[in-house]
Amino acid sequence: MKPMFMLLCAAHLGWAAMAHAAPLSITLPPETAVFKANALPGYALAQQKCSTCHSADYIQFQPPGLTLAQWTGEASKMQHTYGAPLSDQDVSMIGAYLAVAYGSAKATDADVQAASNPKASEAPAAPVAKADAMTLLSNNACLSCHAVDHKVVGPAYHEVAAKYANDPQATAKVVASITQGGTGKWGTIPMPPFAQLQPDDLQTMATFILQQ
């Protein structure tokens with residue numbers, strides 16, 4: 001019985017040590033993969049919306065030479081199967097960019113031009129009501145990385161509001177952070193730029209964030 005008793009004691013001490021051990025901390029290496037630069041408007045959209053869910057490496061792992069239809073199908077799959085916050089217009093523009101930057105299409109192709117500028121052939125739309133802040137944050141994938149009251153990937157909005165509480169330039173600084181993206185203010189994980197947002201939408205989003 002003595003060897004068994006000693007074994008049980010050793011196991012008990014091991015479990016006790018594990019219970020009081022510091023939690024394991026894992027630091028991931030900084031992201032280095034980037035999307036191929038391109039003048040098509042889908043490039044900015046891909047930086048903004050695709051990178052909220054996966055690295056640019058995911059694009060490079062796809063078979064070379066995919067067509068416009070195939071790349072658009074991939075973007076559509078992200079929208080409908082995985083619930084990516086993409087509109088049909090986003091899918092069209094991102095598909096065109098990916099087909100040129102990573103596939104077999106050329107920027108001068110007529111179908112690429114049409115996909116990159118889907119509003120060009122549409123009749124002028126009727127004025128729409130100004131979008132509220134939560135709709136803007138949701139549609140632009142902001143809520144994939146942020147929450148109002150707790151940290152997700154990026155800081156909670158109430159933390160941002162607290163940081164700029166006494167700063168007279170708070171709104172301008174938050175607008176600039178949204179527009180330009182960047183890294184270093186809240187950690188090493190980069191925030192993609194949202195340069196395509198309209199000034200009114202940026203103002204609405206920044207005002208909401210600073211009120212939390």
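**Aromatic pairs and a helix crossing**

In this predicted model, the structure holds three aromatic pairs.

Biologist: Is the pair formed by the rings of Tyr 43 and Tyr 97 stacked, edge-to-face or tilted, and what is the angle of the planes?

Modeller: The ring centres of Tyr 43 and Tyr 97 are 5.6 Å apart, and a pair counts as stacked under 30 degrees and as edge-to-face over 60. Because the planes of these two rings stand at 45 degrees, the pair is tilted.

Biologist: Which parts does the pair of Tyr 43 and Tyr 97 tie together?

Modeller: The two residues are 54 apart in sequence, so the pair ties together separate parts of the chain. Tyr 43 belongs to residues 42-49 and Tyr 97 to residues 88-101, which are helix H2 and helix H5.

Biologist: Are Tyr 43 and Tyr 97 buried or exposed?

Modeller: Buried means under 20% relative accessible area. Tyr 43 has a value of 18% and Tyr 97 a value of 0%, so Tyr 43 is buried, and Tyr 97 is likewise buried.

Biologist: Which residues form one aromatic cluster?

Modeller: Tyr 97 also pairs with Tyr 102, edge-to-face, at 6.2 Å centre to centre and with 90 degrees between the planes. Both Tyr 97 and Tyr 102 are buried. The one cluster is formed by Tyr 43, Trp 71, Tyr 97 and Tyr 102.

Biologist: Are H2 and H5 roughly parallel or roughly perpendicular to each other?

Modeller: The axes of H2 and H5 come within 8 Å and cross at roughly 105 degrees. The contact includes Tyr 43 of H2 and Tyr 97 of H5, and its residues divide into six nonpolar, one polar and two charged. Angles of 65 to 115 degrees count as roughly perpendicular, and H2 and H5 are therefore roughly perpendicular.

How values were computed
Residues numbered from 1 in each chain as written. Predicted model: local features only at pLDDT ≥ 70, side-chain atom pairs only at ≥ 80, totals over all residues. Heavy atoms only, no water. Phe/Tyr/Trp six-rings, centres within 6.5 Å; stacked < 30°, edge-to-face > 60°. Helix = DSSP H or I, 4+ residues; strand = E, 2+ residues; numbered from the N terminus. Buried < 20%, exposed > 50% of the residue type's maximum accessible area, 1.4 Å probe, protein only. Axes fitted to C-alpha atoms, helices over the stretch in contact; angles between N-to-C directions. Parallel < 35°, antiparallel > 145°, perpendicular 65-115°, else oblique. Contact = heavy atoms within 4.5 Å. Nonpolar A, V, L, I, M, F, W, Y, C, P; charged D, E, K, R; others polar.
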